[in-house]
Amino acid sequence: MSVNTTTTDGSQAATGSAGSVKAVSLPKPAAASSNAKIMRTAGIVLLIMGLAAPFMAGNFLIFQLTMMLIYGIAILGLNILTGINGQFSLGHGAFYAVGAYTAAIMMDQFGVGYLWTLPVAGIICFIVGFLFGLPALRLEGVYLALATFALAVVTPQLFKLSPFEHWTSGVMGIVISKPEAPFGLPLNPDQWLYFLTLAIGLLAYVCARNLVASRTGRALMAIRDNPIAAGSMGVNTALFKSLAFGVSALYTGVAGALGAIVVQYISPDSFTFTLSVALVVGLVVGGVGWLPGALFGGAFIMFVPNIAEELSKGLSGAVYGAIMILMMYAIPTGLGGLLKAALTALSKRSKTR
Amino acid sequence: MHMRRNILKYVGAGLVVSSSLAFASISQAADMPGVTDTEIKIGNIAPYSGPASAYSTIAKTISAYFDKVNEEGGINGRKVNFLSYDDGYSPPKAVEQARKLVESDEALLIFQSLGTPSNSAIEKYMNMKKVPQLLVATGATKFGDPENFPWTMGWQPNYQSEGIIYGRWIAAEMPDAKIAVMYQNDDFGKDLLNGLKTGLGDKADMVIAEASYEVAEPVVDSQVVKLKASGADVFISFSTPKFAAQGIKKAHEIGWDATQIVANVSNSVGAVLTPAGLEASEGLISTAYLKDMQDPQWADDQGVKDWNAFMDKYYADGDKLSSFTTYGYSVAQTMVHILEQAGDDLTRENVLKQAASMKDVTLPLFLPGMSMNTSDTDYFPIEQMQLMKFNGERWENFGEIISGEVGGN
Amino acid sequence: MQANTTSAPPQLAVHDVIVRFGGIVALDGIAFELHKGQILGLIGPNGAGKTTLFNCLSRLYTPASGDILYDGTSVLSKRPHEMPAVGIGRSFQNVALFQRMTVRDNIRVGAHAASRSDFFSDALHLPWVRRQEAEVDATVSELIDYLDLGDVADLPVDGLPFGTRKRVEIARALAAKPGVLLLDEPAGGLNHDEVGELGRLIRSIRDDRGVTVLLVEHHMGLVMSISDKVVVLSFGRKIAEGTPAEVQQNPDVIAAYLGGPAE
Amino acid sequence: MSMLLEVTGLHASYGDFRVLHGLDFTVEKGGISTLLGANGAGKTTTLRALCGMIKRTGTIRFEGNDISGKATEDIVRLGVAHVPEGRGTFTGLTTEENLQCGAMTRRSRAEIARDLEQAYHWFPRLRERRNQQAGTLSGGEQQMLAIARALMLRPRLMLLDEPSFGLAPLIVQEMFSILRKVNQEEQVSMLIVEQNAGVVLELADNAFVLETGDIVMSGTAAEVRDNETIRAAYLGY
Amino acid sequence: MELLAQQLITGIATGGIYACMALAVVMIYQAIHHLNFAQGEMAMFSTFIAWQMLAWGVPYWLVIPLTVALSFVGGVAIERLVIRPLGDAPVLSHIVVFIGLFAIINSLAGFIWDFTIKPFPSPFGEGSQFGGLISNHQIGMIAVTMAVLVMLFLFFQYTRVGLAMRAAAENPASARLVGIRVGWMIALGWGMASAIGAIAGILIAPIVFLEPNMMLSILLYGFAGAVLGGLTSPTGAVFGGFMVGIIENLAGTYIPEIGGELKLPIALFLIVTVLVFKPTGLFGRTVVQRV
């Protein structure tokens, strides 16, 4: 039977429910290997630039780049949940906050070394995320979006609560000392934190990639595309969805802990729902379902507000909003979608040649 | 705790003394970041966006005031280049902006950065970098701690002293009162509440009911109803303008016949009492250190006239009803005073030194008899306030000018 | 190849299954047995409860009463995702593939129940995970060849023709190595040629792979040509059961379903 | 006989993929045409292209007017009803609301009420389910609903994409006899895509055979039915 | 006991605000099956327009219809100019556009009218009932909310346009196939949501005072109310709004120590709990999708 790849079936499109998450799937077949080569080259160039950056830039820029990477890690976590598993979250700022508070409290109250706080923050966030994922199982689409949004709104208030004040210092927040580079490395603290973040970011990215390409990742994507069918194939959808929440929260929590160490200060006001909203914006701009998009999303939410402020102080919010909307017109499926289109075009040209 | 603080104090004081000696010699080297022969770069961080954007009026007023200063020739011939950045009331963003101002723009100092969280976030960095963080826009008591943070200084009367003033006054005037307090659940509300209890001293149990609210809440009706039910006859509202207005209005509606006190930040006739209803506001008690522009008693005051002229010319679309404009106007004048005092020696060290050696400095919009004083150990420029009562039309000051005495010792 | 002797216990037994939705009785005491190596055709008018029964068998619904036995053991305590491990696989009436995944990945998901892993090992891509992946890939490749999906194996299923997607769904179900395969209207939307091919495929699945098949289908030509036994449902009740020939002659079936001589 | 629908040089594509490579075919006024073809030949695409659900080029004349540039809803308003693949049920609306949606472009309440009765008369199953959420209907019931909903438009041309999909043989017979009745009594023309070639070739006047985006054979239904290859591929005898 | 009654009444009064907003939320959800995060800001902007007209001396009875009409046009315009170019971009891209709209409107309002609170006169005059627990304005607000609710119910249930709107939101492709002009239905939905938002804003502003950030938290409570009641049910949304107001007040009053601090968390926690047991809200219908 000859195969015609071109006919599309309308039923799926027609019945697609409002809550479904459209994700970017990168082009596969024919030219896949050449595309992969392009991507790999781009990745290596980016990595070299990333390694060289701190020796070229001033400390302020290094700090900004570090924050960009941190947001990137958080967005990567969100991408696992939303892009890969198809669950919305407008509340990932909450996990970021939990990670940050875990690190800060450990350092402030117990004098734990900052490096140790990262895995602990990750584990705590995993547990919190997993537990939140349980009730979230019952919710879909907008309902889940709102439940997570509620989480984002409530979390800063919880950190203010008087019974926890002994630990959290309430509204006054916690000040953290900036760590020096270890082993006598000839790096200043900003450079050291940058490289630390870069290393963790790379590890996080590699793990995410492995995960997506594995049995687990396929199960997560199957749930995203068709939960009932996934269940019928033996995927324990409840467990996997909760685990996806947990892993996603773990990523974001580690990012939060890093953020606390780099900013050297946390307070409930650091983690309002605007943070969650920013993470979603970064996710969409980078490309839902496309893992490297996290980096670009991080760059967007880190630098674009500053550009907006340069353009107009009084109306910086309006400018930022306008840029966001224009981005969505230009690349409605994010940078990942744009890249997909570009690569498809490219591979087609090479095919015809 | 007390022991430790004392020790720190001595150590800190020693450091300040020795370092200020050191500054004296360095300052001759004319190492003056942010300063050229024609310009002084002053940094500022304010929430132009986000939930606290109402406060951006202050920075806008300051900017307008520096326009005026520049137009009139600048400070000792140097124009002020006022770099004001948005942090959206987010501490991480404040850190970023502070680093930008210090490392990238190389501003001489950061002035009037707004909000307790944002200032807390940058305090350590500023002191490490030895860049003045002057006249910060918050009344949190922590920003007057020269032992530990010699580069950070506040301006307005701190919230705790204000609370103490109310406490003392109630303890003296209404010893049998039953007090109900509504407060904003943040450092501002809590500092005021703590101050109140300190001021009440051993009569702290006069406070029979407390109810907090979150800035995120749309209305505080429930809190007011709950507090009235406690049977209190004094209703204190440590709230920001919107909630203070709601509180006054609601208390009036439910016929709560209590003596009402509102915090200084919320005593603007135009921005609080008018929305709440002037009738409902009658009998209100508060404190002040600045003149209220809407108050008819100052109609002929020169300072007020100057302010009006300034607003008309330099900040025409500014809201004259807002007390933030008088605040910004006055704090900018303070900054100009400090820079003028520093003369041509505009090193960070000298500017800080000038800020920490104000002697009886008074401002046009201060209530009569008030002045600013600072020293190496006193980082609270304004510590005086006067109680006042609203007569349904305007505020009437009463009693002495009172000094709060939290800071400085 | 004919149905097994009655001495062997049935591979799948449905005992008096009753399902109610609100006040409506969707299935009213359905009972039949399916022996190893059989192909059973389940037919009946629209809304007779065929898909509902399928959903009971794959545990998406729970009967109000009655029992479903696989190899003599009740499956009612199982949850839907445990069914592939029990040995019951299925396809869906409207094709329920994972739209944005490739054909190959769709079939790989089918092998989910037949493999093990965890988030941690997968994230680190540990050696034993790699070995298992290789095994899964071998199974999947074999199925791709078996169902002639080689040309489209690495395309997302989203753009594929309906008939192709039906085959992907069958491949996906086979990847779990089921004992019983439930096929929900596999011939829908296929033309005569393709239906013939499908018939051969279903027989081959039974003969070469030893899979027992339960088939819901409206295409009488297909049902009658490949089924060993046919069960007819109407309004939630079983109105007939027997060989294709017997059922085709049954006046109740003709009145309720076939409507005059079948094609 | 005059043509209700004349299609010349119809091209269509999904994104960058060309699916139809210049089709020419017609539907007579009051006539029934059928499109035959294997899976993936482009039958569904043709119907979708006709009523503007995808990008297309070429001329599509409906009652002499070129509708190739018109939007779907405007084409529908001219009297073209489309029973789509996958049924397109408004799952959250009741059965009756679904039917009323079908009559959305019509004005007379009395006529609509009468047609509603007619629809229930034809498909009694739907009357039983009239206040039920349409998403809870079985697959076959939803197919009936889709056809009934299209009839509610009082169309002049019906585009039917596999109307027998998922229907029991008895219902298929009934449905085709309803279509025949509608065609004869109300002069509704039809273009039918159907796998059940035997039934549809009996109903249709003309047939077109589609292979990978091109029409490879056309003629009267009888001619096509008698063709050797067609018999083998589509009819099986 | 008296306190309980007082808090209940206060809760109803506050809940009226949420109910009002929840209704607007449900309206837009019915029309586009999205939650518009910019909705609160749109309502705020409408209210500022009303305020501006009042400040210019336009009489009150004229201001309200004018504002509602302008808001309707504005809503349609936003749909046509901002949302429509997005086409069938993914849901999350829409959410980002809503966030962008939020930022633009908020920033613009602050730029034009400043951030100081402004009193907004009540159309129902001063005065109050039940010993001041509920003002005449709040009673009027609840009445108007109810009236809008009834009108919406009638509109969606008994008019052809209402049916067309529901169909268009539910399945746009099919809606086109029955001749519904889906694009205009969506625009109409935006217009109506914007108009209802304007009414909500005008009703809410006298209570919370007018300022650019006034809707920030109210929208959240509106969402909460709508979700609690069920996004598909206007009645549910109004009921949900009142419930949120009451729950919140009772939690703040009767849970000792941390009750006040936890008002909002407790309300949201309860809602999530309700959703876990009834995922489409108390009044929401479950749309069954057969496998």
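Me: Taking contact to mean heavy atoms within 4.5 Å, what share of the contacts in chain A with a separation of 6 or more comes from residues 24 or more positions apart?

Reply: This is a predicted model, and in its chain A residues 24 or more positions apart account for 80% of the contacts with a separation of 6 or more.

Me: How many helices and strands are there in chain A?

Reply: Chain A has 15 helices and two strands, and of its 353 residues 61% are buried.

Me: Can you zoom in on a residue there? Is Asp190(A) buried or exposed?

Reply: Asp190(A) counts as buried because its relative accessibility is 10%, which falls under the 20% cut-off. Asp190(A) sits in helix α8 of chain A, a helix that covers residues 189-212.

Me: And what is Asp190(A) in contact with, leaving aside its neighbours within four places in sequence?

Reply: With those neighbours set aside, the contacts of Asp190(A) are Asn59(A), Ile62(A), Thr66(A) and Lys178(A), together with Arg99(B) from chain B.

Me: Let's move to the chains. Which of the eight pairs of chains that touch has the most contacts?

Reply: That is the pair of chains A and C, where 44 residues of chain A are in contact with 47 residues of chain C. The size of an interface is often given as the accessible area lost when the parts come together. For chain A and chain C the buried area is about 3900 Å², with carbon and sulfur atoms giving 59% of it.

Me: How many salt bridges are there between chain A and chain C?

Reply: There are two salt bridges between chain A and chain C. The side chains of Asp225(A) and Arg100(C) meet in a salt bridge, at 3.1 Å from N to O. Counting residues at pLDDT 80 or more, 10 residue pairs are in polar contact between chain A and chain C.

Me: Which helices of chain A each supply at least two residues to the side that touches chain C?

Reply: They are α8, α9 (215-225), α10 (227-232) and α11 (237-263) of chain A, with α9(A) giving the largest share, nine residues. By class, this side of chain A has 22 nonpolar, 15 polar and seven charged residues.

Me: How far apart are the closest C-alpha atoms of chain B and chain C?

Reply: They lie 31 Å apart, and no contact joins chain B and chain C. No contact joins chain B and chain D either, and the closest C-alpha atoms of that pair lie 35 Å apart.

Me: Staying with chain B, which domains does the domain assignment give?

Reply: The assignment gives domain 1 (29-157 + 296-378) and domain 2 (159-288) of chain B, with 29 Å between their centres, taken over C-alpha atoms. The contact takes 13 residues from domain 1 of chain B and 10 residues from domain 2 of chain B.

Me: What area do domain 1 of chain B and domain 2 of chain B bury between them?

Reply: They bury about 850 Å² between them, 49% of it on carbon and sulfur atoms. Within domain 1 of chain B, the residues that lose the most area to domain 2 are Thr141(B), Pro157(B) and Leu321(B), together 36% of what that side buries. Between the two domains of chain B there are zero salt bridges and three residue pairs in polar contact, both residues at pLDDT 80 or more. The side of domain 1 of chain B that touches domain 2 divides into six nonpolar, seven polar and no charged residues.

Terms used. Residues numbered from 1 in each chain as written. Chains lettered and ligands numbered in written order. Predicted model: local features only at pLDDT ≥ 70, side-chain atom pairs only at ≥ 80, totals over all residues. Heavy atoms only, no water. Contact = heavy atoms within 4.5 Å. Helix = DSSP H or I, 4+ residues; strand = E, 2+ residues; numbered from the N terminus. Buried < 20%, exposed > 50% of the residue type's maximum accessible area, 1.4 Å probe, protein only. Domains from an automatic or database assignment. Buried area = accessible area lost by both parts, 1.4 Å probe. Salt bridge = Lys/Arg side-chain N within 4 Å of Asp/Glu carboxyl O. Polar contact = N/O pair within 3.5 Å; in protein donor to acceptor, adjacent residues only side chain to side chain. Nonpolar A, V, L, I, M, F, W, Y, C, P; charged D, E, K, R; others polar.
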